[in-house]
Amino acid sequence: MDAMLRCMSDLQVPFTNNLAEQAAKAIKVREKISGRLATREGAERFLCLKTCLQTAKKQNMTTFEAVKLCLQDQCTKILTEG
């Protein structure tokens with residue numbers, strides 16, 4: 001029970017642990033607006049970039065730095081560092 005209420009006493013602990021659902025929400029919104037993600041390859045690229053940008057943000061990396069690494073085909077540097 002203490003672990004379930006830890007967010008009340010420790011402000012470093014997020015209220016929700018549902019980050020995966022929050023990340024997927026942006027994808028569903030994009031899909032609803034456009035009606036679809038045009039191709040499987042396009043969807044995979046979109047998801048890769050989205051994942052890298054979210055991970056970079058958590059590592060205090062700027063969006064510019066993250067996009068630069070992705071354009072250099074070095075997204076794995078973002079995903080493996082931490």
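**Figure 1. The largest nonpolar core brings together eight residues.** In this predicted model, the core consists of C52, A56, M61, A66, L69, C70, C75 and I78. A nonpolar core here is a set of buried Ala, Val, Leu, Ile, Met, Phe, Trp, Tyr and Cys residues joined through side-chain atoms within 4.5 Å. Buried means under 20% relative accessible area, exposed means over 50%, and partly exposed lies in between (1.4 Å probe, protein chains only). Two or more core residues come from each of α3 (40-58), α4 (63-71) and α5 (75-80). Helix α4 gives the largest share, three residues. Look next at A56, which touches M61, A66 and I78, leaving aside residues up to four places away in sequence; contact means heavy atoms within 4.5 Å.

A word on reading these views: residues are numbered from 1 along each chain as its sequence is written, and side-chain values use heavy atoms, with hydrogens and water left out. Because this is a predicted model, local features need pLDDT of at least 70 and side-chain atom pairs count only at pLDDT 80 or more, while totals for chains, interfaces and linings use all residues.

**Figure 2. L53 and L49 are two residues of helix α3.** L53 counts as partly exposed, at 28% relative accessibility. Not counting residues up to four places away in sequence, L53 touches T63, A66 and V67. From L49 to V67 the C-alpha distance is 7.9 Å, and the two residues are 18 apart in sequence.

**Figure 3. N60 sits in the loop between α3 and α4.** N60 counts as exposed because its relative accessibility is 73%.

**Figure 4. T80 belongs to helix α5.** With a relative accessible area of 65%, T80 is exposed. T80 and T55 are 25 residues apart along the chain, and their C-alpha atoms are separated by 9.6 Å.

**Figure 5. M4, L5 and M8 make a nonpolar surface patch.** This patch covers about 380 Å². Accessible areas come from the Shrake-Rupley method with a 1.4 Å probe, and for residues only the protein chains shown count as cover. M8 is found in helix α1 (residues 6-9), and its 65% relative accessibility makes M8 exposed.

**Figure 6. The whole chain has five helices and zero strands.** From the N terminus on, the elements run α-α-α-α-α. Helices (H or I, at least four residues) and strands (E, at least two) are DSSP runs, numbered from the N terminus. Of the 82 residues in the chain, 15% are buried. The accessible surface comes to about 7,100 Å², and 57% of this belongs to carbon and sulfur atoms. Among contacts between residues at least 6 apart in sequence, 23% join residues at least 24 apart.

**Figure 7. Confidence is lowest in helix α2 and highest in α4.** The predictor's confidence in each residue is given as pLDDT, from 0 to 100. The chain has a mean pLDDT of 75, and 78% of its residues reach 70 or more. Helix α2 (residues 19-34) has a mean of 69, whereas α4 stands at 84. Where pLDDT is low, the predicted coordinates should not be read in detail.

Notes
Patches are made of residues with over 30% relative accessible area and no salt bridge: like charges are joined within 9 Å, nonpolar side chains (Val, Leu, Ile, Met, Phe, Trp, Tyr) within 5 Å. A salt bridge is a side-chain nitrogen of Lys or Arg within 4 Å of a carboxyl oxygen of Asp or Glu.
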